[in-house]
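Subject: Structure handover

Hi there,

Here is the structure I promised to pass on to you.

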Amino acid sequence: MNNKTAAKVYRMTKVALIQLKASGKPKSNLRKSVEFIGRIWNWRRVVGLSCSTAFCRFSPITLYRQRSRKRTVRPGAMILCSAMMYSLAAEGFADIQPSLNFSGLTGLIDMPSGDVQTDGAISVSKSMFGPVGRTTLSFQMAPRLSGNFRYTGIADWDRYDTKKSFQTYYDRSFDIGYQLVKEGKFLPSVKVGFQDVIGTGMFSAEYLTASKTFGSSIKVTTGLGWGRLGNFGSMGTPFGERPAVDVGRGGTPRFGQWFRGDVAPFAGIEWQYSPKLTFKAEYSSDAYSVESEERLTFDRASPLNFGVEYAPKTWARIGIYSLYGSELGLSAHIVLDPKKSVTGGSQGPGPLPVRARTAATVWGSGWVTDTGAKSEMLDDLQRILTHDGIIVESLDVDQGTAQIRIQSTKLDNNAQALGRTVRAMTAVLPASIERFELVPMSQGVPQAKIMVLRSDIEQLEFAPGGEDQLINRSEFLDISGQAPDSAVYPDGLYPRFSWNVSPSVATSLFDPENPLRADLRLRARASYDIAPGLVLSGAIWKKLIGNIADSKRSSNSLLPHVRSDAIEYARQADLAVGPLTLAWYAKPAPNLFSRVTVGYLETMYGGVSNELLWQRADKPYALGIEVNYVRQRDFDQVFDFRDYSAVTGHISGYYRFDNGVHAELDIGRYLAGDFGATATLQREFSNGIKMGAFATLTDVPFADFGEGSFDKGVFLELPLAWIVGRPTQKVNKMTLRPILRDGGARLNVEGRLYQTVRKYRQSDLDAAWGRFWR
Amino acid sequence: MTLRIMSVIALMTSLSGCAASPLSQIALSKMAGSATSAATQPDQTADQKWITLVNRGVKFQVAQLSERDGVTVWAARDGTQVFLRGSMVVGTRGFGRDLMSADVPTTPTLLEGRAHQRTYFDMDGTDTMISHVFTCTATLKEAKDFVFGSTHVVEKCLGDLGTIENTFLILADGSVLKSRQWISQGIGYAAFD
């Protein structure tokens, strides 16, 4: 837009405003919008910017003329102009590391920017200034889509409050951001964001922000904020007044508030002095009205913030700031990229090289019918595979085919376990056997059958890109529950007993009096595999130390207290049992898996749980049904039950998309007797890292559900192997719910089928196939 | 690296109601990964050579574990492996972010000084296979400081990851006396004596 055109637009806008004003009609949204455009233009004029092509020019004369005018936006505009001036000398497009702000959003100091983190990035931010402290867990769920779960504490909340309701006010909030435009040579990155979308609304805000890199070290951000980000330096209410928030309930999206009410500009600049050192300055549009004006927790003396950040590593950053003219601020951020292993990838010993048939073990004649020879082959295979934690459950061989059933207990990658197995087979099995059938087992049940040809193994071990060629030549076939009659089995595989003792930590989060409570426990677990598919397992634990029981929270739920008495369970349990179950896993048909579990199923419930799952190994989807009859356990978690019982169950559908997105829908009856559905969406990486969110809506009215309105949360799974770089199947899982109440509550039974069975279907193995030859 | 691991562990313990102590799990994991299978250990009398991982500053001895289809597998005492086709590296195992396979030139191709391509297959942090194609040129000069008749070859390659440079000291009979070769993003360069 050249200056003539711009001036014309301005004149037309001004004329329209005058005409509207003269008409004396009540302000319509259209009129407000026109006024809004006019104010934006005025704001632009105040700072002396006139647009020419894609870049702005600085006009000192215009700025001088405006000096006598008092404009609340001017300091921020000054920063912007300074940045623009600098940029003229260093015009370009460079990649400056996107950093996080005080709210854990990609941004400046307290304001968001148009940038996003690396796809899949997981970050944790801790920041504090004056009375305000924030802890944020963030996910870059897709290249443009980000989500943040934040816990905010504001100290001195009731210093001047006669009610003395809170010493420190704690609140949870959830944000969503979407990058509309990626930064290009001329275009800035543009992002729209929604803060505190389903929380109490105390921190709710919407923003539209743009960031542009100039040269190799300067990034300038400008934006418009609504709600909390629009309450300082307001330019008006272009889209109408903002409806009041019902802070007490929360839990549901407040669509009616979005982009309503006052809108205010914010701006800032980042100067990356070096990859490790960044200076920031910003003009904030957050008035902190409640904190500074109503609660008097701190003095917001200025909209200007300044800071310096130091990044000792690409994944770690700390910062120190001057906030709002009166406070010192500190922040620390950890950003993990799932695509970059913490330890630099899978380490540990290499595999057994594939052996040529001419060098394979010679078994003489008659081995096809000789059970002793087959048993020797099985023993030889087991000797090689023991080191990788692979148990050979059975072996069947004939002149041209070998079927091996294996259980992988150590390697974190299932394709790698298959690869190690075929290598061992080339070393041990007679040269005439060309067809290898690999049958991974779990809980004594065959999960899939993968057929590979020995000649392909020999040909592709060192072939460039041989992994892709091999999986294209492999076949995923149906498999029945029983091994062939002629199969041989290892001695002493069943019954099998295992046990371990380890410390464990139980946590209770988001208690208003103490947001993080924890108990340290000592737990002993034992498992007795009576026969293939029949498992007796149990655990007993003793609390060593902790403060969960100190919580004064008690349930006020209007529903049966199916989950909300969690504190009571923690209070009364000392030496507790659970789970303690007998489980039977089976495969009644080639694509059908079943489970029956009886006993003390989990902390709060005992009973019977039945499950059926249909899944084909070559398909990315599955269907399941689960029916449970459960009775609530006594608070002491020993052997007694309470009076409450329920029939609960779900029909479940699962689908894995090609891009690593996995969807699950469960429809059924929940523990409190409510009917509804749970939708779960998760992003998965081939290395086992998963992140996602879920929400449950049932026929319980929001008002009856209580605080939060409905059950929802986010979860994260980090395989320990990714962290330590060594093979282990341990996975750290965490689920964060804003609040755990009784509506939409499901049974937490162990050994659900889908998560086990899906590991060996084609779509999941495809994703991890890169490590077949590892 | 340790700081990073500890940070991740701190993150997990601080945010999760985790079932077991990650510290104890690490200890168990290290114990489990410390031994190698007898089947993956080379014979004591096997041929040996020295390898230096230049970027990591590590030098170690490897012994021949197997040979098949022109590729020799060399294994170190800790079980890590390097695959050589002739003298060209075509794979590694156990170093983290390994080179899984590679399409490489032969020594005669280098000595002819012809333009050629290299393709490397390695894994990103999610264990997804990725390939990198490089276009290469080889420059030859007589290596007078070494054995008479030997040739010093500098192979410069340009690809999506930038420029890499491999060097070879090739004897008159075509065998490689020494080399310095790029392996992968995770490993960097390795020198072979």
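Below is what I found in it, chain by chain.

This is a predicted model, in which local features need pLDDT of at least 70 and side-chain atom pairs count only at pLDDT 80 or more, while totals for chains, interfaces and linings use all residues. Residues are numbered from 1 along each chain as its sequence is written, and chains are lettered from A and ligands numbered from 1 in the order in which they are written.

**The two chains**

Chain A has 14 helices and 33 strands, and chain B has three helices and twelve strands. Helices (H or I, at least four residues) and strands (E, at least two) are DSSP runs, numbered from the N terminus. Of the 774 residues in chain A, 46% are buried; for the 193 residues of chain B the figure is 36%. A residue counts as buried with 20 or more other C-beta atoms within 10 Å of its own, as exposed with 12 or fewer, and as partly exposed in between, with C-beta atoms placed from the backbone.

Contacts (C-beta atoms, placed from the backbone, within 7 Å) can also be sorted by sequence separation. Taking those between residues at least 6 apart in sequence, 60% in chain A join residues at least 24 apart, and in chain B 31% do.

**A helix pair in chain A**

Helix α6 (residues 371–385) and helix α7 (residues 414–428) of chain A have axes that come within 10 Å and cross at roughly 135 degrees. Axes here are lines fitted to C-alpha atoms, for helices over the stretch in contact, and angles run from 0 to 180 degrees between N-to-C directions. α6(A) and α7(A) are therefore oblique to each other; under 35 degrees counts as roughly parallel, over 145 as roughly antiparallel, 65 to 115 as roughly perpendicular and the rest as oblique.

Which residues of α6(A) meet α7(A)? They are Met377(A), Asp380(A), Leu381(A), Ile384(A) and Leu385(A), and their counterparts in α7(A) are Arg420(A), Thr421(A), Ala424(A), Met425(A), Ala427(A) and Val428(A).

**The sheet in chain B**

Chain B holds an open sheet of twelve strands with antiparallel pairing, in the order β5-β4-β3-β2-β1-β12-β11-β10-β9-β8-β7-β6. Its edge strands, each pairing on one side only, are β5 (88–93) and β6 (99–103) of chain B. Neighbouring strands of this sheet are turned against each other by 30 degrees on average, direction ignored. Two strands pair if DSSP finds at least two bridges between them.

β11(B) and β12(B) form a hairpin with three residues between them.

Finally, Leu169(B) is in strand β10 (residues 162–170) of chain B. Leu169(B) is partly exposed, with 18 other C-beta atoms within 10 Å. Leu169(B) and Ser179(B) are ten residues apart in sequence, and their C-alpha atoms are 6.2 Å apart in space.

Best wishes

Conventions: Two residues are in contact if their C-beta atoms, placed from the backbone, lie within 7 Å.
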